[in-house]
Amino acid sequence: MIDHKTIKIWINLYLDGELAGEELELFKQHIKECRECAQILKQQRDFVDSIRSLKDEIKIDFGDFKTELIKQIEEFKPKSSKALKYAVFAIVVVILTISALSALYFYSNRTDFVKIAIENHMRQIRGQLPLEIETSSEGEISNWFDGKLRFNFRLPRYPDPSNQPYRIKGARLVALNNDYAALVSYEMDGRPMTLLVAPSKSASPYGKRKVNFKDIDFYLDTKDGFNILSWTDKGLTYALVFDFENFDWKKPCIVCHSSGAK
Ligand SMILES: [Zn+2]
């Protein structure tokens, strides 16, 4: 019998169409038998649908929010000022509702980021999550992510390439709370290592041990035989998953957190 925690993480994968084969069957079976998980699945699906329908209703493209809002208000102008007031009021209510729903939704999902990072790392190792770009070039990976994510993410180059302690294997997008997160696959000392990156508003670092390094709080935890290092920097949350001991984390971390750059 599969546990609820796994199912909760699988819901993201399921809604993104990433579940297949035996896992998909297990998932469907569990949803059929477990009211609690069926309820969570329904909520997540309803949430996406409600956002979509609200967007359709007020015809606002959130990509160009301000311009569209002004346009909407302009459209109501010829009518009486009373109608305009109602229109503005209606739009404000809709926006507040979306914000409240989003806040609630993201808050409930924040603590899952580290768990989702481990799940993705395991799927990566098992070959269930193929890379969408295979390259060891930081530049190629950064370019590949360009325009695919709703946040800016660039992979910095190691300061001294000939002594780089890890090897980049490639990258892909992964589902995270009905949005996309960036996954970068590495190899260090012959062992796999996975980096998951998402906006900090929807993902929080978590770990029992906290270490401050270069003014950033790094959280370290172990779970299911994996080590997880997570942190937030400049609006993005990172989770690094690896299974080896004696991780000299100052070596790879120097890429982004070298003494020169803060
Ligand atoms: Zn369940």
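User: How exposed is Arg-167?
Analyst: In this predicted model, Arg-167 is partly exposed, with a relative accessible area of 43%.

User: And which side chain does Arg-167 meet in a salt bridge?
Analyst: That's Glu-187, at 3.8 Å from N to O. Arg-167 sits in strand β2 and Glu-187 in strand β3, so the pair ties together parts that are 20 residues apart in sequence. Glu-187 counts as partly exposed too, at 28% relative accessibility.

User: How many salt bridges does the structure hold?
Analyst: There are 14 salt bridges. Among them is the one where the side chains of Lys-234 and Asp-233 meet, again at 3.8 Å, N to O.

User: Are Lys-234 and Asp-233 buried or exposed?
Analyst: Lys-234 counts as exposed at 68% relative accessibility. Asp-233 is buried, with a relative accessible area of 16%. Elsewhere, salt bridges with shared partners link Glu-23, Glu-119, Arg-123 and Arg-126 into one network.

User: OK, zooming out. What secondary structure does the protein have?
Analyst: Eight helices and eight strands. The protein has 262 residues, and 44% of them are buried. Among contacts with a separation of 6 or more, 61% are between residues 24 or more positions apart.

User: In what order do the strands of the sheet come?
Analyst: The order is β1-β2-β3-β4-β8-β7-β6-β5, in an open sheet of eight strands with antiparallel pairing. β1 (133-134) and β5 (209-213) stand at the edges with a single partner strand each, so one side of each has no neighbour in the sheet.

User: Now β4. Why is β4 described as largely enclosed?
Analyst: Seven of the nine residues of β4 are buried, so the rest of the structure largely encloses that strand. Seven bridges join β3 to β4, and seven bridges join β4 to β8. Both pairings are antiparallel. On the β8 side, Leu-196 stands opposite Ala-239.

User: What's between β3 and β4?
Analyst: Two residues, in a hairpin; Asp-189 in the turn has a positive phi of about 50°. Met-188 stands opposite Arg-191 in β4.

User: Which residues have the most contacts inside the largest nonpolar core?
Analyst: Phe-145, Phe-153, Val-184, Tyr-186, Leu-195, Val-197 and Trp-231, out of 30 residues in that core. Elements giving two or more residues to this core include α7 (138-145), β3 (179-188) and β4 (191-199). There's also a second, separate core of 19 residues, with Val-174, Leu-196, Phe-226 and Val-241 among its members.

User: What does Leu-195 touch?
Analyst: Leaving aside neighbours within four places in sequence, Leu-195 is in contact with Ala-182, Leu-183, Val-184, Tyr-186, Trp-231, Tyr-238, Ala-239 and Leu-240.

User: You mentioned α7. Which residues in α7 are buried?
Analyst: Glu-138, Gly-139, Ile-141, Ser-142, Trp-144 and Phe-145. That's six of the eight residues, so α7 is largely enclosed by the rest of the structure. The cover over the buried residues of α7 includes β1, β2 and β3.

User: And where is Arg-157?
Analyst: Arg-157 lies in the loop between α7 and β2. Arg-157 is exposed, with a relative accessible area of 57%. Arg-157 and Glu-138 are 19 residues apart in sequence, and 6.2 Å apart in space, C-alpha to C-alpha.

User: Last topic, the surface. Which residues make the nonpolar surface patch?
Analyst: Val-88, Val-92 and Leu-96 make a patch of about 230 Å². Leu-96 is in helix α5 (residues 81-110), and is exposed with a relative accessible area of 56%. For the whole protein, the accessible surface comes to about 14800 Å², with 53% belonging to carbon and sulfur atoms.

Terms used
Residues are numbered from 1 along each chain as its sequence is written. This is a predicted model: local features need pLDDT of at least 70, side-chain atom pairs count only at pLDDT 80 or more; totals for chains, interfaces and linings use all residues. Side-chain values use heavy atoms; hydrogens and water are left out. Helices (H or I, at least four residues) and strands (E, at least two) are DSSP runs, numbered from the N terminus. Buried means under 20% relative accessible area, exposed over 50%, partly exposed in between (1.4 Å probe, protein chains only). Contact means heavy atoms within 4.5 Å. Accessible areas come from the Shrake-Rupley method with a 1.4 Å probe; for residues, only the protein chains shown count as cover. Patches are made of residues with over 30% relative accessible area and no salt bridge: like charges are joined within 9 Å, nonpolar side chains (Val, Leu, Ile, Met, Phe, Trp, Tyr) within 5 Å. A salt bridge is a side-chain nitrogen of Lys or Arg within 4 Å of a carboxyl oxygen of Asp or Glu. A nonpolar core is a set of buried Ala, Val, Leu, Ile, Met, Phe, Trp, Tyr and Cys residues joined through side-chain atoms within 4.5 Å. Two strands pair if DSSP finds at least two bridges between them.
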